[in-house]
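Please look over the sequence and the model shown here. The report that follows goes through selected parts of them in turn.

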Amino acid sequence: MSMQRRDFLKASSAGLIAAGLPLRAHGAAVKAKVVIVGAGFGGATAAKYIRKWDSNIEVTLIDREAKFVSCPLSNLVLAGLKTLDDISRTYDGLKSHGVNVVVDEVTAIDTDKRVVKTAKGSFPYDRLIVSPGIDFLFDQIEGYDAKAQETILHAWKAGPQTLKLRQQIESMPDGGLIVVGMPLAPYRCPPGPYERVCLMANYLKRAKPKSKIIMLDANPDVASKKPLFMKAWNTLYKDWVEYRPNSKVLKVSADKMTVSTEFEDLKANVINIIPPQRAGHVAELAGVRTDSNGVWCPASFVTYESKSKPFVHVIGDSLLSNFPKSGHMANNMGKVCANAIVELLNGREPNPVPIVANTCYSAVSEDKAIHVATVFRYDPVKDQMTAQPGGGISADLSEVEAVYAEAWAEGIWGDVFS
Amino acid sequence: MKRISALLAALVLASPILSNGATTEPPMGKLLYLPPQPVNVPANMVAVPVAIWSNGQVFMQWMFVPAQALANMPALAPPVAAAVTAPASAATTAVSTATSAAAAMPAAATAAATAVTSAPSAAATAAVNMAGKLTGSTATHARSMAATCYSCHGTDGKSHSAIPPLAGMDKSYFIEQMKDFKSGKREATVMHQHAKGYTDEEFAQMADVFAAVKP
Ligand SMILES: Cc1cc2nc3c(=O)[nH]c(=O)nc-3n(C[C@H](O)[C@H](O)[C@H](O)COP(=O)(O)OP(=O)(O)OC[C@H]3O[C@@H](n4cnc5c(N)ncnc54)[C@H](O)[C@@H]3O)c2cc1C
């Protein structure tokens, strides 16, 4: 895999470098600029921690949304156990750290000139972080067009869809059927769809006991916390949940309210389809959605710098990795990336062996929760993040974990936004 | 910044080592991170990976060197020690480190980085010896590791929920608790799983971070 010097020279092209050590070398007064696209778990964390660790760096954080609505705990809104207000946060805390928050849609990124463009302005950068979350591949399901999307919701980005799906479930007659369809892994939040089914069932059990949920899982088996979710369905929700593995949703019809798999057509009162996903469009604008299928973004686990575009870092759900696509991971990646960028912009070596950790709680009822926890450590020889031995799931469904699940949410929202 | 110009001079003189295609196993476990190769290089310049040695730390960076200077160098002149004669010995050592560090890059390092390969020479050996003494960026590792706790325990360990705060915790108490979680002596819902992911030495590093926070 070695190159001769001639090729090595050819690989360099014309342009200008302004980040990293050279920037510092040119003059003390120059402030490095970091632009971050996406003020969710990944991007907002990175913004706060860059400012915390080096207040000489200018940080601009851009999001199309004026406030943050958390996906974690949004399934509790579906069950009527929380409101959307309970799970929303403002960007005021970030502003107090000196982060420039810009509410606007990012429409273009020029990685040669190193400028991010929004509807209203241009933002030059020395280093760019993209944490745009996910986009949905609706076209992989027949009939799931723009019109059908008005009735058949995903509610896999918390916000208006969460409320609308809640209303659909509330206005369903007792004795009705909800069908939930979920994609093959990898998708955002591995335990999320199963948590959703538990909490929808929790609501039905309380309010519409003659109703039922059928879960169509494209995966061959429950993809996360299997024994615990199975226990919840078999003990708490025996009469309310039917789980079907290997049942990929192939087709939907909003007019007829039907869902089709290879094996059956189901007619339902409420259809909730979580479509297959890929890295958010911003990753495409930055030219970093470059894995073999053009779906996720390969990047360094030391700095999260893209493997295809220098000075562009990718964190959160968009990353190509063995990580669970969780808010907790996005938050941890935001810190490692912030740490590395601070070091790079100061001409120092980034921490060569970063560690990230994950804890994902899932509520299974109004007062019981479960978790999965893993610590990942960078292995420089294999160039991969290795799950450390010792991680795992809860011993059982438990009330004390429901308390910790709430505390976790408060903790992480504070860590990201306060 | 004087050091850097010295390094550039050393690099230009030592450039034959950039072109040797042989890849060998890294002679040591130390990984030096090399950022992806810049695509935007000023006209008539080339980006070359160099190791910068400052305050006893070595780190890798891309630097721009006049293309002419590199082009004038005889390609594949093998004995590096002979090629590097003029610069000060410290600079020589640092530049050579670039070559051995690049050899220690993981498989996914850029192709360009792979182009810079190990030079089996006296200078490289000196660099290995020096790099072997490095402890890595311990301070930023500790900072980054402690930050993994903040997701649940609050920024700087200042928790405002049912999860206990870590800010200002006594160092030896923190270490003891983490060891007890790890061994199972102290029961937990989740901490036994996290504790197993860190070494005892890392517990001590994190303990320092928390002990230094005013609660
Ligand atoms: C129902 C559900 C439950 C979940 N529960 C948990 C849980 O309990 N624990 C957990 O850890 N994780 C959970 N997750 C997963 C978690 O929400 C995601 O992993 C996390 O949000 C990923 O962070 P991110 O920064 O990658 O993306 P996001 O948090 O989605 O942030 C992306 C941001 O980018 C913005 N954006 C995108 N494109 C543009 C553009 N062109 N211009 C401007 N702004 C743009 C978006 O508006 C958005 O704010 C859950 C997810 C779901 C759906």
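## Paired strands in chain A

In chain A, strand β2 (residues 33-37) runs parallel to β3(A), and 5 bridges join the two. Strands here are DSSP runs of E of at least two residues, helices are runs of H or I of at least four, and both are numbered from the N terminus. Two strands pair if DSSP finds at least two bridges between them. Within this pair, A:Val34 stands opposite A:Val59 of β3(A). Strand β3 (residues 58-63) of chain A has 5 of its 6 residues buried, so it is largely enclosed by the rest of the structure. Buried means under 20% relative accessible area, exposed means over 50%, and partly exposed lies in between, with a 1.4 Å probe and protein chains only.

A parallel arrangement also links β12(A) to strand β13 (residues 212-217) of chain A, through 6 bridges. There A:Gly181 stands opposite A:Leu216 of β13(A). Strand β12 (residues 177-182) of chain A is mostly covered, with 6 of its 6 residues buried. Both of its faces are covered: A:Leu177, A:Val179 and A:Gly181 are buried on one side, and A:Ile178, A:Val180 and A:Met182 on the other.

## Basis of the model

This is a predicted model, in which local features need pLDDT of at least 70 and side-chain atom pairs count only at pLDDT 80 or more, while totals for chains, interfaces and linings use all residues. Residues are numbered from 1 along each chain as its sequence is written, chains are lettered from A and ligands numbered from 1 in the order in which they are written, and side-chain values use heavy atoms, with hydrogens and water left out.

## The ligand and its shell

How many residues surround the ligand? There are 31, and the closest are A:Asp63, A:Ser131, A:Arg188, A:Asp317 and A:Gly327. A residue counts as near the ligand if one of its heavy atoms lies within 4 Å of it. By class, the shell has 12 nonpolar, 11 polar and 8 charged residues. In this scheme Ala, Val, Leu, Ile, Met, Phe, Trp, Tyr, Cys and Pro are nonpolar, Asp, Glu, Lys and Arg are charged, and the others, Gly among them, are polar. Domain 1 (5-135 + 279-350) and domain 2 (138-275) of chain A each give at least three residues to the shell; these bounds come from an automatic or database domain assignment.

An N or O atom in the side chain of A:Glu105 is 3.2 Å from a nitrogen atom of the ligand. Backbone N or O atoms also lie by ligand oxygen atoms, at 3.4 Å for A:Ser326 and at 2.9 Å for A:His328. Taken alone, the ligand exposes 1,000 Å², of which the protein buries 93%. The elements of chain A that give two or more residues to the shell are α3 (41-53), α4 (74-78), α10 (327-345) and β21 (355-363). The largest share, 3 residues, comes from α10(A). The areas come from the Shrake-Rupley method with a 1.4 Å probe; for residues, only the protein chains shown count as cover.

## Single residues in chain A

Strand β21 of chain A holds A:Asn358, which counts as buried at 2% relative accessibility. Its side chain makes a polar contact of 2.7 Å with the side chain of A:Ser326. A polar contact is a pair of N or O atoms within 3.5 Å; within protein, one must be able to donate a hydrogen and the other to accept it, and residues adjacent in sequence count only if both atoms are side-chain atoms.

A:Glu65, in the loop between β3 and β4 (68-69) of chain A, is partly exposed at 45% relative accessible area. A:Ala395, between β24 (392-393) and α11 (399-417) of chain A, is exposed at 84%. The peptide bond from A:Ala185 to A:Pro186 is cis, with omega near 0 degrees. A:Phe311 is not a glycine, yet has a positive phi of about 70 degrees, and at 5% relative accessibility A:Phe311 counts as buried.

## Chain B

Chain B has 10 helices and 3 strands. From the N terminus on, its elements run α-β-β-β-α-α-α-α-α-α-α-α-α. Of the 215 residues in chain B, 57% are buried.
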